[in-house]
Amino acid sequence: MQEVKYLDPVQRLYCALLNTADAVLLAATDTEMCDKTCADLVRDALFQAVWIGRKESKGSRLTVLASAGPGTDGLADFECGYTQPTPCLPVAVRAWECQQLVYSNDELEDQKQAPWFDFLERNQWRAVLSVPVWRSGVCWAVISFVFAQTDMFDEQSIGLCRRVANLLGHSLDKFDSQKRLQLRQAEEAWLARHDPLTALPNRLALDEYLPQALARAKQNGTTLALGMLDLDDFKSVNDGFGHKAGDCLLKEFSQRLKKSLRQADYVARLGGDEFVVVLENLDSLLSVSQVMQILDSLHVAVETPFKFGEHASAMVGMTLGLALYPVDGEELDTLLRRADAAMYQSKQNKSNRKNWWSLASSCMPLQIEEAFQQASFEAYGLEAQDLLTRAKTFLLRIRQNFIDSFYEKLAKIDEAREILATLSDDEKEHLKKKQADHLDFLLDPKTKQSDILQRASKLGVIHALCGISPSLLSESYSIYRRLLIDSLDKALLRAYDRYHILLTTEVRLQDDKGAQLKAAQIIEQNYFSVLFDRVPITGRIWPDISKNGMDALARLPGIRAVLLFRMNPAGELIVEHSAGSKGAALADAIHKNIGQPTLTAKSPFQNSVTGLAWRTRRQHSCASYITDPRGARWRNMMEPLGIRSSLSIPISSEKEQLAVVLTVLGAYPNQFETQRMKQFARSLQYRWEQLWVRCSSQQGIAVTEEKSCYLRDRLFSGGLRMYVQPIVNLRTGELLKVEALARIEDVDGRIIEPSGFLSLLGQSELDRLFQMGLEEGLSSVKKWEAQGYFIKLAINMPPTYLINKEGPDWVGSVLKRYAVPAENLTVELLEAPGIEAKLQDKAIQRYKELGVKIAIDDLGAGYSNFSRLSSIAFNIIKIDRCILRNIYISPLQTFSMVKSVLDMGHDFHEQIIVEGLENDEVIEAVSHLGAQCGQGFGIARPLAPENFLEWKERYGNPPIFSGVLTENSGSFF
């Protein structure tokens, strides 16, 4: 009976673990995560209290971070013993100090002499367990679980508490990762909208800002001034002092410009020495006078020399063209064109102009129209094509220096340097050539916008899979753009031509970058969508779940192969399943090169990515099989398959034992190295651990994929044999029926037991096995009937076949075909927790209406509960052999359990069958307890159908139990 009572606490602990998983996944903050964890564990489990605490660097006690349950509200005043002498510190303090799990099954007894004994006794804190919560690789806190009873922590409950702590730590890590990602995204958004040299808003930010500024002016009835600003004589600074000095001048000028403007004003850098100034909230009646005052203060930015070091300095001027809303236009494009035209007119008259600025409204109409025509420009239009054609010689001349400078600057960025390190020297040279070709393509007069978008979409996929983040891509484009500006500054081009070549380049680069970023976003969505697929319900079959999960991964862009490794009893890591275009070929290559991988000291596989993941129980990856020294051993195997990188993820069971290792192999270097991909890998690991736990059947021993395929093929290609095991009346010896049990007969005549193949079958294969097995079983029944023996048959039905709508009709038809009465067939059902109870009940009723007997199989081994057993009209209950497993170790408890189930079963059902009757002693013992029917090796082992009648003749109908215990039964006590 103790085992019966124990089932409820364990189930409640598992329920608490699942609820805790939901709590941490739904929490918006780490505080909410901790609070929900404590509250759910106290509400759903048997814990008296749960609390989370940590010791601050200067504190003398554990600070309570979250808590629930009686007594936890007094923890804030609870001196933990750091400053007080005591023979035994509290469990939580010891766990914090040693950073290991610590528990006491009688904390009141342990703390009798401690000053906090009254606190523990008052709140009934008897059994206490504390376990560290690891966050970002360090002990962040300890979570304490408190029972109101002693001796509550055993191996199973300790393991569950440890899983709660691990789950909380994993979720906190995930939360931290998401926070970092949000900060990174905010940073990337800022970088995308700001000039890297001056930190001023760039063209993208300006495009977002201007519509809002114009809307405010329209709403408030104010004037808006939009100015195009260009530095005078800036080229001479670059030529005379170098580009570094030019960059310093631009940065200093930008800061001066910002300080000269009002708080409501706005300045952005278009590129080179060109800027846009926006003045808001101008009085519509006094706008010109207000503008003149602002421009006077603005000119201060160039009235003092710009210094480069101790002895070098330079002076520059500036030219501004200004257009006013609504005087000069009501649309942004109009205002920008007229401001640009006014600026060019002022530039052309620099020698004799009165002011450094020019209002669009003061320009001569003809001059405005001429400038307007110049400013009306399409980056893919005829004028752009003509400009690029005329500048082609110059662009070809700067091409190689540009590429070399680009990669030189790129190599100074840590993230880019790590990616480039995964390439061989030949690959780097090839990449430079491709980059040069891409530059030619972007600046080719014949290139259309659709051409750029199409090519960029493909490049975006490659860049994303090579680990190039959006921020690095944006930064690369900034370098690209800056180098083009510097190169164009050296060209002997008219200001107008230079500006419009730069404008053309800017537009094309933005199109290129935008399409690449969009493609990268789609790649990320594809990867993370695998994690958002609904986790299968409890009770699914491992072969189905693992195959579906691996196929989903194999369909992801850039994935060449997915392998699932599992250790067999011989200590060999075998490929249990493979997926992907190169999965089978890789598995075959591994087998040909090293045979069955082992993790011994002499095995090369122990230091492979998969071997390291298995040995360390941590994720491992190889960024490049070409450049990573650890990948040298496998390079010749991977290169022909187009595999460049890999990631291995260890999957643990609910008991924290390593179950399998999932290895994903990619087509690109650095594919699994980014923070985002590592976050994906952690989430994938958690998902697969859930998948493993939710498989209801035993996963069975590990076999190679080749052997698995062979066994399934043999089973369904003539190798199925349905053995039978008799079920008898223990008092009269009458044969009641036989249970049909599946076996595989190999080509050499060897018989393979169910433990060697059932776990390899998916749900559809189990359903097919049931139909084939029933056909063969009924065939044997008819053969025996022809010899004068009328034998009833029992057979196991998979849970999924039970709810097959066509199942009852098929069973009825096959019974009719073999002329076997329906009441002579018993269908044994394993309860499936993942199938809705109402659906099961409806299906069972259909079989009962057919006349078939219904048995609930393996009572005591599954999820059966008393309410289900009493509410469903099962004809037969079978008590699982596992209940008798400890009959020699704990006979009294076993007898009590068996007697209780027998009494309950006799009250509700027609027949109770006890399985696992291994010998005469066990048969006599359960008979004495009231068992009337049984099955097991003590009666007969499973028999081939052709040997069954021989056993029956030899067996006859002797009574199995005489009614008096033998002397040997005393061995139970």
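Colleague: How do α14 and α16 lie relative to each other?

Modeller: A word on the source first: this is a predicted model, where local features need pLDDT of at least 70, side-chain atom pairs count only at pLDDT 80 or more, and totals for chains, interfaces and linings use all residues. Residues are numbered from 1 along each chain as its sequence is written, and side-chain values use heavy atoms, with hydrogens and water left out. Now the general idea: two packed helices are described by the angle between their axes and the distance between the axes. Here the axes of α14 (residues 392–410) and α16 (residues 425–442) come within 10 Å and cross at roughly 130 degrees. The axes are lines fitted to C-alpha atoms over the stretch in contact, with angles from 0 to 180 degrees between N-to-C directions. The two helices are therefore oblique to each other (under 35 degrees is roughly parallel, over 145 roughly antiparallel, 65 to 115 roughly perpendicular, the rest oblique).

Colleague: Which residues of α14 and α16 make the contact?

Modeller: On the α14 side they include Phe 402, Ile 403 and Phe 406, while α16 brings Leu 431, Ala 436 and Leu 439, among others. Contact means heavy atoms within 4.5 Å. By class, 8 residues in this contact are nonpolar, 1 is polar and 5 are charged (Ala, Val, Leu, Ile, Met, Phe, Trp, Tyr, Cys and Pro are nonpolar; Asp, Glu, Lys and Arg charged; the others, Gly among them, polar).

Colleague: Which residues of α13 are buried?

Modeller: An α-helix has 3.6 residues a turn, so residues three or four places apart point the same way. In α13 (residues 382–390), Ala 384, Leu 387 and Leu 388 are buried (under 20% relative accessible area with a 1.4 Å probe, protein chains only; exposed is over 50%, partly exposed in between). Down the axis of α13, these buried residues fall within an arc of 95 degrees, so they line one face of the helix. Leu 382 and Arg 390 are exposed on the face turned away from that buried side.

Colleague: What is phi of Ala 819, and where is Ala 819 found?

Modeller: Most residues other than glycine have a negative phi, and most peptide bonds are trans. Phi of Ala 819 is near 55 degrees, a positive value, and Ala 819 sits in the loop between α28 (807–817) and β22 (825–829). With 52% relative accessibility, Ala 819 counts as exposed. As for peptide bonds, a cis one joins Tyr 325 and Pro 326, with omega about 5 degrees. Pro 326 belongs to the loop between β11 (317–325) and α11 (332–348).

Colleague: How many helices and strands are in the protein?

Modeller: The protein has 33 helices and 26 strands, which are DSSP runs (H or I, at least four residues, for helices; E, at least two, for strands) numbered from the N terminus.

How values were computed: The arc is that of the directions from the helix axis to the C-beta atoms.
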